[in-house]
Amino acid sequence: MSRMLAPKLALARAAGTVSRLLADRRFRGLLADRQFLRLPIGGGGGTSLPGKLLVRMDQGAISSLAARLARGSALISATNGKTTTAALAASVIERAGIGLVHNQAGANMAGGIASTLLDAARSHGRIAGELGLFEVDEFWLDRLIPQLAPSAIVLGNLFRDQLDRYGELDAIADRWGAALGSEAGKRARLVCNADDPLLADLGRDGRDTVFFGIEDDSLSLPGLSHAADAKHCRRCGAPYEFEAVYLGHLGRYRCPACGQRRPSPTVHAGEVELEGVRRARFLLTTPEGSARVQLALPGVYNVYNALAAAALAITLEIPLATIVDGLQATSAAFGRAETVSIAGRETRILLIKNPAGANEVLRTLALEPGQHDLLGVLNDRTADGHDVSWIWDADFELLAGRVRRAVCSGTRAPELALRLKYAGVQRERIEVVEDLTGALDTAIAGGDSHEPLYALPTYTAMLALRELLVRRGEASSSWQ
Amino acid sequence: MSPGHNHTLRVCALYPDLMNIYADRGNLLVLERRCVWRGIGFELCGSSLGEELDGAGHDFYYIGGGQDRDQRLCAEDLHEHKHEALHEAARRGAVVLGVCGGYQLLGTSYVLDGDTLTGVGLLPARTVREPGARLIGNVAIDLALDDPGVDGPRVLAGFENHGGRTYLEPSATPLGRVLKGHGNDGRSGYEGARAGNVIGTYLHGPLLPKNAWFADWLIATALGIGVGELAPLDDELEQQAHRSARRAAGIAA
């Protein structure tokens with residue numbers, strides 16, 4: 001098999017090199033019409049090209065390459081927080097001296113994972129790393145479980161997201177359930193969010209699941225958000241009763257009809273303190289003991305990401321002190337509450353892509369005192385979801401009375417502007433500048449230049465913003 | 001002083017906790033703000049599973065979209081607790097607006113995975129979940145309203161995402177003609193259905209923020225006044241948003 005595989009690996013690598021060359025802007029001028037080549041160049045698509053080609057040449061390539069990993073693979077899937085959870089886990093695991101093969105660029109479908117494996121593959125059936133650490137798109141998880149035969153699977157959360165692409169939540173949960181029940185799925189150690197009723201239900205089926213969750217009533221919200229999903233018992237259909245709601249539909253719940261209740265998490269966070277968009281602190285409790293953690297990442301959502309990473313590390317028998325060090329050393333991934341300086345102005349980039357994620361960003365932003373200058377960028381490309389309805393499920397009302405100036409940009413800029421108006425932001429504080437370059441200049445120059453600018457882009461808008469900043473020399477190209 | 005001062009729009013949202021999947025809350029928010037900005041009173045209440053519905057007490061009944069499982073629960077509940085009240089509301093000319101799953105439930109039946117859900121029967125339309133891809137994408141439709149305040153045909157823009165195909169009975173009036181997108185069944189060229197002030201459509205996005213003119217027509221109709229009697233608002237952003245949604249569907253304004 002590996003003798004057959006070697007030439008295909010070489011060919012796919014060569015294709016990757018060619019595509020990188022073509023993506024280089026020095027070559028772009030030579031190729032006026034890139035469409036002609038029909039290559040997914042630029043816009044973040046280039047990362048997965050060699051992998052896609054490899055899988056096309058050999059459908060078993062992912063299986064063959066993943067089988068070379070001595071400690072198997074750990075998969076991380078969730079609607080929100082996949083990239084950050086994987087970054088936290090990588091920081092911990094590498095600190096423990098375990099070599100990783102990790103799709104850190106965030107290309108999380110089959111092509112991206114195949115590309116990552118291809119990069120790590122060495123001659124004579126070897127691979128540069130012991131453990132695969134892969135964030136996996138929700139829609140691809142069930143197809144990748146049989147191919148990667150993972151040693152661990154981390155399930156973070158399921159929220160409504162891009163209904164035009166992913167379909168209904170129940171359908172995704174059912175697909176995950178079937179994949180976990182398959183031969184390959186049963187062999188994996190499951191790490192599961194106890195606070196998400198849909199996921200906890202998947203983790204209960206007589207397996208040795210490591211549950212994680214929050215234990216801190218002081219964080220509890222007044223009730224379920226209007227956009228909360230999974231309000232009804234997956235087993236019997238009765239509405240859950242929530243004793244505490246921490247985020248969306250995540251919390252401490254029980255079903256009054258069939259008695260199904262939240263499993264007790266063995267890895268949990270208590271005494272959570274949130275410091276606006278800057279950081280979060282909590283007391284991490286594990287079967288190996290408790291320790292204080294100071295995350296350089298903000299918000300309840302990142303406490304969940306850290307718990308998921310810690311729980312995965314526990315299954316790998318990594319010592320608690322190493323876990324704490326690894327979590328604390330992780331800084332924000334691009335666009336996930338990262339701070340950059342643009343023309344001398346501090347700018348914080350906070351990715352928003354679905355109601356649950358946006359609500360956490362807005363809630364975290366609302367913790368910062370005073371009036372805010374915003375740059376909102378709403379795109380409707382495939383990776384964002386063509387359906388932009390979700391902005392009406394996000395609680396922009398949290399910013400009413402808190403906006404000094406909001407510049408709205410992107411392919412659906414006026415619809416974001418309208419959302420802010422109906423959320424209670426005064427009309428005269430809202431400006432529509434569809435072109436991103438113009439919008440960024442307007443936003444940077446406007447408002448109060450001594451205060452930070454908060455950029456809230458959707459996924460492809462974040463990539464466009466990144467490209468724009470790299471081109472201007474405001475940001476390092478290592479982001480690419 | 002606008003004539004609206006004497007009015008209050010009383011809205012009842014059906015199953016707001018379940019039938020809300022496509023940001024249906026946006027539709028309710030637009031109704032609320034556009035009333036409040038004009039000095040028209042606004043009252044919103046909800047009626048969910050197991051709760052009775054007052055067929056006389058509201059001017060506007062709204063039902064949005066939901067997941068299959070929730071839609072089944074609502075179909076049973078509509079039949080048991082709300083059927084008569086909705087018919088009473090329709091008889092006295094209240095607006096009943098169903099979007100997506102809500103539209104399907106206002107029809108006569110919905111055949112889903114071998115089961116037949118009984119609809120409210122306010123619209124002469126039946127829906128069948130058929131094999132084949134869901135009908136998904138930006139959509140624009142053209143509709144004619146018999147209202148002197150609305151001049152000529154007007155366009156609604158939105159997004160559709162439905163597995164069910166809806167077939168209108170010969171007696172039914174579609175809401176509009178498809179300019180771009182799939183519409184009721186992907187073939188007939190029609191979208192939605194209308195019987196008096198009962199309206200069903202697959203357009204979400206949500207519908208009313210993208211089509212403020214239609215929100216106003218619904219408000220006026222529910223209050224029993226002409227749309228020309230509503231005080232004008234500064235709708236510059238609303239019009240930009242409408243153009244943006246039309247552009248996404250490929251129908252330039």
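**Exercise 1. Decide whether Glu271(A) is buried, partly exposed or exposed.**

Let's go step by step, remembering that this is a predicted model.

Step 1: Count the neighbours. Glu271(A) has 14 C-beta neighbours inside 10 Å.
Step 2: Recall the cut-offs. A residue is buried with 20 or more, exposed with 12 or fewer, and partly exposed in between.
Step 3: Conclude. With its 14 neighbours, Glu271(A) therefore counts as partly exposed.
Step 4: Glu271(A) belongs to strand S11 of chain A, residues 267–275. Its phi is near 50 degrees, which is positive although the residue is not glycine.

**Exercise 2. Find which residues have the most contacts inside the largest nonpolar core.**

Step 1: Take the core, which has 228 residues. Helix H12 of chain A (residues 299–315) gives the most to this core, with 13 residues.
Step 2: Name the residues with the most contacts inside the core: Val191(A), Ala310(A) and Val96(B).
Step 3: Look around Val96(B). Leaving out residues up to four places away in sequence, its contacts include Tyr61(B), Leu86(B) and Val198(B).

**Exercise 3. Describe the peptide bond from Gly205(B) to Pro206(B).**

Step 1: Read omega, which is near -20 degrees; the bond is cis.
Step 2: Locate Pro206(B) in the loop between strand S14 (198–201) and helix H4 (207–210) of chain B.

Methods:
Residues are numbered from 1 along each chain as its sequence is written. Chains are lettered from A and ligands numbered from 1 in the order in which they are written. This is a predicted model: local features need pLDDT of at least 70, side-chain atom pairs count only at pLDDT 80 or more; totals for chains, interfaces and linings use all residues. Helices (H or I, at least four residues) and strands (E, at least two) are DSSP runs, numbered from the N terminus. A nonpolar core is a set of buried Ala, Val, Leu, Ile, Met, Phe, Trp, Tyr and Cys residues joined through C-beta atoms within 7 Å. Two residues are in contact if their C-beta atoms, placed from the backbone, lie within 7 Å.
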